[in-house]
Amino acid sequence: MINKFLQHKVNKLSIAGVCALASFSASAFEIEKDGWTFSVHGNIGAHYIYTGCDDTTDVVTGGFLCTGENDPSTVTNGYLPTGFEFAIAGKVGDYDIKAKSIVDRGLDSNQAFNVGGDDEGFRVNLTIGNDKAGTLLAGREFGLFAQDAAFTDMSVYGVGGSVLPSSPLNAQNAAASTGYIFLDRITQFTYTFPTSDAVIAQLGIFQPQDISTISNTSGTFAGADSASETPGVHGRFRFNFDGGFVSSSFLTQEVDATVGALTADYTATAIDLVGQINLGNVELTGSVYKAKGVGQYSLFIDPVDAMGEERDSDGYLVQAIYKSGKTRYGVNYGVSNLDNTAIDPGTTLEEKSKVTFGIYHELAPGLTWSTEYSRVVAKNNAGGENENDVFNTGVIFFF
């Protein structure tokens, strides 16, 4: 059951997107020869994480919070695993072309949990285009749905909510599952339309994703293939203005998963809206989403009940950051809801929320020390709940 979940968590934010959050954008290493440029950049970090577990007897299946008397301490990756991107770029005829090889590993391996699943963290893609024709991305990269929600999460520098703290993985939760659905790295063809600097418009077809049910104790559809006759479709539109942006993204995919005599046959849909505005030293961000048959944690995790009936989900995240010199003080609060069906057991996750307070200090360009405290609450559909307190401190370097 945990296989699909870990495959989503091993490979977090794209290095290109994350490095855009750092205080500089130049690659750490570049070689130019005969019109071609070879570059290397990425990120590496480590965090100490202490998780205060819930000592009640309540069970919230699919909440991924720890319970019991032991409060684990770990030293591991934060929201981001260690990532390196190697790229070669040049011009072929009238087209700019760039080939990338992305390695997302970490301080801890997930191989023991993946049951033969993907633990390589190795992705490649190709982009081809120009100012007049637009740009085509072919290969494996993050999807378009929820991209801006994930990239603006302040815990990209830290941890946010932890996951399976007693057995540390190489990526943590941040606000995924408590405000937005985390995007996955999917094989795709995505076209970026030729627009102005203020507008980003993208549309892509994607490899259909399989589904996993973790909140169902039977694990009926764990890793069930979608068997879709059509590819998934993602779209994203973003408008940048002086001091902020507003964006919206969507996905749709046919799901036709069969396990024994059980079938999940439906059209999955999701849409979100994200906005950000800068008011002097204050940065405000907010996002909302609504989905059907997609889940509430990561793409197609817990999208259906044990009989294949799709679940609705929705959520929101609000965030405020105050900047003072080289230090950023932030707080965000998010909620994700997963509507239960008539046959879901009482232990099934119904709502998960988190509040995080963080301090992020730039020690040097690209080098940030972060300290956070988070309170995470998961509730089941019978009124029971689990609560975790998460404290973390650590360093991350973008190069």
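## Basis and overall fold

Because the model is predicted, local features need pLDDT of at least 70 and side-chain atom pairs count only at pLDDT 80 or more, while totals for chains, interfaces and linings use all residues. Residues are numbered from 1 along each chain as its sequence is written, and side-chain values use heavy atoms, with hydrogens and water left out.

The chain has four helices and 18 strands; these are DSSP runs numbered from the N terminus, helices being H or I with at least four residues and strands E with at least two. Of its 399 residues, 53% count as buried (under 20% relative accessible area, with exposed over 50% and partly exposed in between, for a 1.4 Å probe and protein chains only). Of the contacts (heavy atoms within 4.5 Å) between residues at least 6 apart in sequence, 67% join residues at least 24 apart.

The model contains one disulfide, defined as a pair of cysteine sulfur atoms within 2.5 Å. The partners are cysteine 53 and cysteine 66, with their sulfur atoms 2.0 Å apart. The pair links distant parts of the chain, 13 residues apart, with both cysteine 53 and cysteine 66 in the loop between β2 (36-52) and β3 (73-76). The torsion about the S-S bond is about -105°, so the disulfide is left-handed. Cysteine 53 is buried at a relative accessible area of 13%, and cysteine 66 is buried at 8%.

Threonine 61 also lies in the loop between β2 and β3. Its relative accessible area is 16%, so threonine 61 counts as buried. Leaving out residues up to four places away in sequence, threonine 61 touches Ile214, Ser215, Thr347, Thr348 and Leu349.

## Aromatic pairs

A pair of aromatic rings is described by the distance of the centres and the angle of the planes. The count comes to 11 aromatic pairs; rings of Phe, Tyr and Trp (its six-membered ring) pair if their centres lie within 6.5 Å, and planes under 30 degrees apart count as stacked, over 60 as edge-to-face and the rest as tilted. Phenylalanine 142 and phenylalanine 182 have ring centres 6.1 Å apart and planes at 85°, so the pair is edge-to-face. This pair links distant parts of the chain, 40 residues apart: phenylalanine 142 is in strand β7 (residues 134-142) and phenylalanine 182 in the loop between α4 (147-151) and β8 (185-192). Phenylalanine 142 is buried at 3% relative accessible area, and phenylalanine 182 is buried at 1%.

Tyrosine 157 and tyrosine 360 form a tilted pair, 6.2 Å centre to centre with 45° between the planes. Tyrosine 157 sits in the loop between α4 and β8 and tyrosine 360 in strand β16 (residues 349-364), a separation of 203 residues. The relative accessible area of tyrosine 157 is 9%, so it is buried; tyrosine 360 is buried at 2%. Ring pairs also link Tyr79, Phe142 and Phe182 into a cluster.

## Cavities

Rolling a probe the size of a water molecule over the atoms shows where empty space is left. The structure holds five cavities of 30 Å³ or more. On a 1 Å grid over the protein atoms alone, a cavity is a set of points where a 1.4 Å probe fits but cannot get out, and lining residues have an atom within 4 Å of a point. Grid points are joined across faces, edges and corners, and a volume is the space filled by probe spheres set on the points.

The largest cavity has a volume of about 50 Å³. It is lined by 13 residues, of which Phe206, Gln209, Gly232, His234 and Gln253 are the closest to its centre. β10 (232-241) and β11 (244-259) each supply at least two residues of this lining. By class, the lining has seven nonpolar, six polar and no charged residues (Ala, Val, Leu, Ile, Met, Phe, Trp, Tyr, Cys and Pro count as nonpolar, Asp, Glu, Lys and Arg as charged, and the others, Gly among them, as polar).

## Two lining residues

Histidine 234 lies in strand β10 and is buried at 6% relative accessible area. Phenylalanine 206 is in strand β9 (residues 199-206) and is buried at 3%. Histidine 234 and phenylalanine 206 are 28 residues apart in sequence and 7.4 Å apart in space, C-alpha to C-alpha.

Outside four places in sequence, the contacts of histidine 234 include Phe145, Gln202, Phe206 and Leu299.

How values were computed:
On a 1 Å grid over the protein atoms alone, a cavity is a set of points where a 1.4 Å probe fits but cannot get out, and a pocket is an open set with protein on both sides within 12 Å along at least five of seven lines; lining residues have an atom within 4 Å of a point.
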